[in-house]
Amino acid sequence: MDWMKWLFSTWTMIRLSGMTGHFFLTLSVLAGLIGSFPTLKKQKARLHHIHLYSGWAGLLAIVLHATLIIVDTYAPMSLLEILIPGTASYEPLWNAFGTISLYLFGFVLVTSDFLKEFLGKTLWKLTHWLVLPAWLLMTLHGIFIGTDTGTLFTIIWYACSTLTLFTLVLYRMQLRPNVKTQTKQESSVSG
């Protein structure tokens, strides 16, 4: 029964909810990037669902992560330390990165699901790109103050997710000019 006590301890749940949040938010960002590739048009609806639901699952996991830190008896933080970036008594910079990341992800999810029509396509797309700095801040937060950072699993996870994300972003950036050029060429041929 000691393993059950360990598994459901606040400290373990803080770590699990943080890693779960990172996993789901990474999955959401990757699905969003992959869903924008023209070669995957047939998978766009499926990727959109993964993008949407994993984003909300990740945000909820991170809210649980922050809530558990407040109620933790070993190294608790106050609500204000959680909500106001830079005020944490322990590692204020890295904790600020986590808080700012939470705000950015929350902002993107709320604007995408509830304000997209109001913002219009151009402004919505601009705000949607905030997921990249949010993801980077979340990852730095996890790497520099996560207690599992030195474990083999976590090292592999951060390395693979970072490499995958940056590769897809670079591919997407390279793909974008080609799509615009094709659209202009198609317009001039038909016009």
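I started at leucine 83 and found it in helix α4. Helices here are DSSP runs (H or I, at least four residues; strands are E, at least two), numbered from the N terminus. I then looked up its cover: leucine 83 is partly exposed, with a relative accessible area of 38%. Partly exposed sits between buried, under 20%, and exposed, over 50% (1.4 Å probe, protein chains only).

A note on the source: this is a predicted model, where local features need pLDDT of at least 70, side-chain atom pairs count only at pLDDT 80 or more, and totals for chains, interfaces and linings use all residues. Residues are numbered from 1 along each chain as its sequence is written, and side-chain values use heavy atoms, with hydrogens and water left out.

Next I checked the surface. Ile70, Val71, Leu79, Leu80, Leu83, Ile84 and Tyr103 make a nonpolar patch of about 620 Å². Two elements give two or more residues to this patch: α3 (44–71) and α4 (79–83). Helix α4 has the largest share, three residues. Like charges are joined within 9 Å, nonpolar side chains (Val, Leu, Ile, Met, Phe, Trp, Tyr) within 5 Å.

Then I zoomed out. I got nine helices and zero strands. Of the 191 residues, 36% count as buried.

Last, I looked at confidence, or pLDDT (the predictor's score for each residue, from 0 to 100). The mean is 87, and 88% of residues reach 70 or more. Helix α1 (residues 2–7) is lowest, at a mean of 68, and helix α8 (residues 131–145) is highest, at 95.

Definitions and conventions. Patch = residues over 30% accessible without salt bridge, like charges linked within 9 Å, V, L, I, M, F, W, Y side chains within 5 Å. Areas by Shrake-Rupley, 256 points an atom, 1.4 Å probe, with all protein chains shown as cover. Salt bridge = Lys/Arg side-chain N within 4 Å of Asp/Glu carboxyl O.
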